[in-house]
Amino acid sequence: CWRRASRTPTRSVSNEIRHALCGRRTSLSAVWALALAYERLERWMEAAESWRGMLRTRPRRKAAAEEGALSDAQWAWVRERIITCYKQAGRPDEAVVVFRQIIKDDPNDLDTRVQLADALLANQQERAASNEIDRILKIDPRHLEALLRHVAFLDLDGQLAVSEQVMRDLVARHPERPELRKRAAQLFLQHGRQYAQWNRAAQAHQAFVEGERYDPEDYLFPLNQARMLLGQRRHDEIRALVERATALAGEQPEAFVKIFETWVIADRMDEARALLERFERDLKPDAHAYADLGLVIMMRVTPPPAPAGLFGIFGAPPAPPPKPVDTPWTQLACELLDKAIALRPDDVALRKELASELMLPRADLALRYAEDAARLTPDEPDTLILLGLVQGLNERVREAKATLQRAAQLARKQGKRELAQQAQEMRSAVGTPMLRAGIQMSLMDMDMSGGDPFDLDDIEDFF
């Protein structure tokens, strides 16, 4: 089938399906294999048409007793493949057409109606998808898959309490479905975080408590309960919750970083150091774990920079950052960052990451890492651009302009014309309020989009 699919032009797909469905007992398995072959070759439209051809052969009445007949679960899987393949091909609207045709023939086929709702959602028709789920629930108010999607739509509408009750009822009604408990736990975790963002600490705490009942093995529930109690300074309860979270975390370095951060937020140095000693003894953290610990401290104890805003059009430039103040917390952060560097003495990427993370909150500390990265790779224009930006943020204007000029020259020699232009444009911003504002807005965009810590293209977008 792989060879057959690879040499079959698009216009011949329907012929291939017809030939496969010529009455042989193995016809469905042949089309099944052909569709999978098209998927493997990423020929998504052909794959979708193959699955669609299979779906047309489904008997209108159940034929479970017939030898070789597909089960309801297998037909549901075929429908999912149609949605996926049309979506990959950029045509979820085609899946909508398929399912509407099926429902026209059998309006009470609720599983297909659920698939139609999924296809509508993939086609960015959220309201139509929600309406389809409502129609299913009018026919069968206890339809499990429809209710799970109903919960999601209630969340989108901000009806968190209603969605929580629906999920409670589902778990109680289906004790044979342990995966529903996991889904309920994640729902309450998500809601607890939302309540916390709305500064509703008591409601968030209750959501985390209820979520833990559904998944008592997830360390995030006791950890988040502890964080919700920080404002009340109930340190004995907090300590017990943190201890439970630590026991549940096992050997997850990222979990220890989050638990450690809780003591930083609480400003409890002794507890933080005790946890750090335990982390070093039990898990032997690597360079990236030490870097994460150091950065967590620095971001928590350093005042955020003033918002950049649209000062160029509507107002004055943002106030300069306050003079850096070293504290026992920042000293501990520097110790941890030093340990990270000691473990990876030749790692340029690590130094660039630290420089880019620290360049706004502590440009003075970022300078060392940017200088080390440039020393290790003196002929890399992007590393020199990072160094120039950090120098500029430290008000070392002459050095910054010289560094960016060298970056532009190197980029031109290497045939990187766009990079050279970026360096020159950033050089023109050095010594002006535009430098800090541009970097701040670009890094905010990268945080929201989940981009790399230092992305020249994103920073260039601003300049």
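Reply: The model is predicted. The protein has 26 helices and zero strands, and of its 463 residues 46% count as buried.

Me: Why is the aromatic pair of Trp32 and Trp77 called stacked?

Reply: The ring centres of Trp32 and Trp77 are 5.1 Å apart, and rings pair if their centres lie within 6.5 Å. The planes of the two rings make an angle of 10°; planes under 30 degrees apart count as stacked, so the label applies.

Me: What makes this pair a tie between parts apart in sequence?

Reply: Trp32 belongs to helix H3 (residues 27–40) and Trp77 to helix H5 (residues 72–88), so the pair joins parts 45 residues apart in sequence.

Me: Why is the pair of Trp51 and Trp77 called edge-to-face?

Reply: The centres of these rings lie 5.4 Å apart, with the planes of Trp51 and Trp77 at 90°. Planes over 60 degrees apart count as edge-to-face, so that is the term used. Trp51 lies in helix H4 (residues 44–56) and Trp77 in helix H5, so this pair ties together parts 26 residues apart in sequence.

Me: How do you know whether Trp32, Trp77 and Trp51 are buried or exposed?

Reply: Buried means under 20% relative accessible area, and exposed means over 50%. Trp51, at 0%, counts as buried. Trp32 has 22% and Trp77 has 33%; values in between the two limits are called partly exposed, so both residues receive that label.

Me: Why are the buried residues of helix H10 said to line one face?

Reply: The buried residues of H10 are Leu160, Ser163, Glu164, Val166, Met167, Leu170 and Val171. Seen down the helix axis, they fall within an arc of 160°, so they line one face of H10. Ala161 and Ala172, on the other side of H10, are exposed. The buried residues of H10 pack against helices H9 (144–156), H11 (178–197) and H12 (201–214).

Me: Which residues touch the most other members of the largest nonpolar core?

Reply: In this core of 132 residues, they are Phe99, Phe260 and Met359. Helix H17 (residues 287–301) gives the most to the core, with nine residues. Neighbours within four places in sequence aside, the contacts of Phe99 include Leu55, Ile82, Ile83 and Leu116.

Terms used: Residues numbered from 1 in each chain as written. Predicted model: local features only at pLDDT ≥ 70, side-chain atom pairs only at ≥ 80, totals over all residues. Heavy atoms only, no water. Helix = DSSP H or I, 4+ residues; strand = E, 2+ residues; numbered from the N terminus. Buried < 20%, exposed > 50% of the residue type's maximum accessible area, 1.4 Å probe, protein only. Arc of directions from axis to C-beta. Contact = heavy atoms within 4.5 Å. Core = buried A, V, L, I, M, F, W, Y, C linked by side-chain atoms within 4.5 Å. Phe/Tyr/Trp six-rings, centres within 6.5 Å; stacked < 30°, edge-to-face > 60°.
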